[in-house]
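Please work through the following exercises with the sequence and the structure at hand. Each exercise sets a task and then gives a solution in steps.

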Amino acid sequence: MGGSLKRSTRFRGHKLGDGLWVIMNDIYTASLSRLIEEFEKLPGIGPKTAERLAFHILKAEPREAMALADAIKDVKNKIKRCEICTGLSEQAVCQICSDPRRDKSLICVVEQPKDVISLEKTGACKWVYHVLGGHIAPLEGIEPGDLTIDKLVERVREGSVKEVIMATNPNMAGDGTALYISSLLRAMGVKITRLARGLPTGSTIEYASGKMLTDAIIGRQELE
Ligand SMILES: [Zn+2]
């Protein structure tokens, strides 16, 4: 029964017996039940919502349903990493890095592409970014070499950077990562600041409000 129990456990998150699994599959038809299963894998979607979404797709005009499928395909096929900042881009170089109005002498260092979006929403940023791809966490096996730190050092070494703003998350891992990077960059004569004021310790950039982020940007302090 091992294999079938495993399959039925995965199905809609319920521990259904093998017989019931087959019945549910019959009720929904195989493809509808597959769509429900896929929706259930999404964050925040429970079995009822998954079922509702699947029936919505089933009822929708073919063109509308295919537009959703195409949008998912495009996101996976077209989005790559900017070759300068490693942020999200559909071209070799992202829109922010190729914007002539941006001050390229200021680099704001963040952990994830989502953090760029949170900071950009404040409208207070005229700088360019560097996306690390995470934070240093030896206990989770994430070493400095797993992040894009080398690429950042290279950008600073080119010489036109005046200030590096550390906008890693204000928690232990983010602070540790900021300190590690500042120790590498300090010798290169660049000013290093950290977003601080207004951001509660232990929080993340992603969930901070626009007002908090704007305060933190304006009130950034030099990292000692
Ligand atoms: Zn870029």
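**Exercise 1.** Determine the handedness of the β-α-β unit made by strand 5, helix 8 and strand 6.

*Solution.* Strand 5, helix 8 and strand 6 make a right-handed unit; helices (H or I, at least four residues) and strands (E, at least two) are DSSP runs, numbered from the N terminus. A crossover is right-handed if, with the strands pointing away from the viewer, the path from the first strand over the helix to the second runs clockwise. The model is predicted: local features need pLDDT of at least 70, side-chain atom pairs count only at pLDDT 80 or more, and totals for chains, interfaces and linings use all residues. Residues are numbered from 1 along each chain as its sequence is written.

Next, strand 5 and strand 6 run parallel and are joined by four bridges; two strands pair if DSSP finds at least two bridges between them. Within this pairing, Glu163 stands opposite Lys191 in strand 6.

Finally, helix 8 (residues 172-185) lies across strand 3, strand 5 (163-166) and strand 6 (191-194), and runs at about 165° to strand 5. Axes are lines fitted to C-alpha atoms, for helices over the stretch in contact, and angles run from 0 to 180 degrees between N-to-C directions.

**Exercise 2.** State the order of the strands in the open sheet and identify those at its edges.

*Solution.* The five strands follow the order 4-3-5-6-7, with mixed pairing. Strand 4 (127-131) and strand 7 (221-222) stand at the edges with a single partner strand each, so one side of each has no neighbour in the sheet.

Strand 3 (residues 103-110) can then be followed to its partners. With strand 4 it pairs in the parallel sense over five bridges, and Cys108 stands opposite Tyr129 in strand 4. With strand 5, strand 3 also pairs in the parallel sense, over four bridges; here Ile107 has Val164 as its bridge partner.

**Exercise 3.** Describe the largest nonpolar core and the surroundings of Val164.

*Solution.* A nonpolar core is a set of buried Ala, Val, Leu, Ile, Met, Phe, Trp, Tyr and Cys residues joined through C-beta atoms within 7 Å. The largest one has 35 residues, and among those with the most contacts inside it are Cys108, Tyr129 and Val164. Strand 3 gives the largest share, four residues.

Leaving aside neighbours within four places in sequence, Val164 is in contact with Ile107, Val109, Val156, Leu185, Val190 and Ile192. Two residues are in contact if their C-beta atoms, placed from the backbone, lie within 7 Å.

**Exercise 4.** Are Thr29, Thr86 and the residues of helix 5 buried or exposed?

*Solution.* A residue is buried if 20 or more other C-beta atoms lie within 10 Å of its own, exposed if 12 or fewer, and partly exposed in between, with C-beta atoms placed from the backbone.

Thr29, in the loop between helix 2 (18-28) and helix 3 (30-40), is exposed, with 11 other C-beta atoms within 10 Å. Thr86, in the loop between strand 1 (80-81) and strand 2 (88-89), has 20 C-beta neighbours inside 10 Å and counts as buried. Phi is positive in both residues, near 75° in Thr29 and near 60° in Thr86. Most residues other than glycine have a negative phi.

Of the 17 residues of helix 5, the number buried is zero, so this helix lies largely in the open. Across the chain of 224 residues, 25% count as buried.
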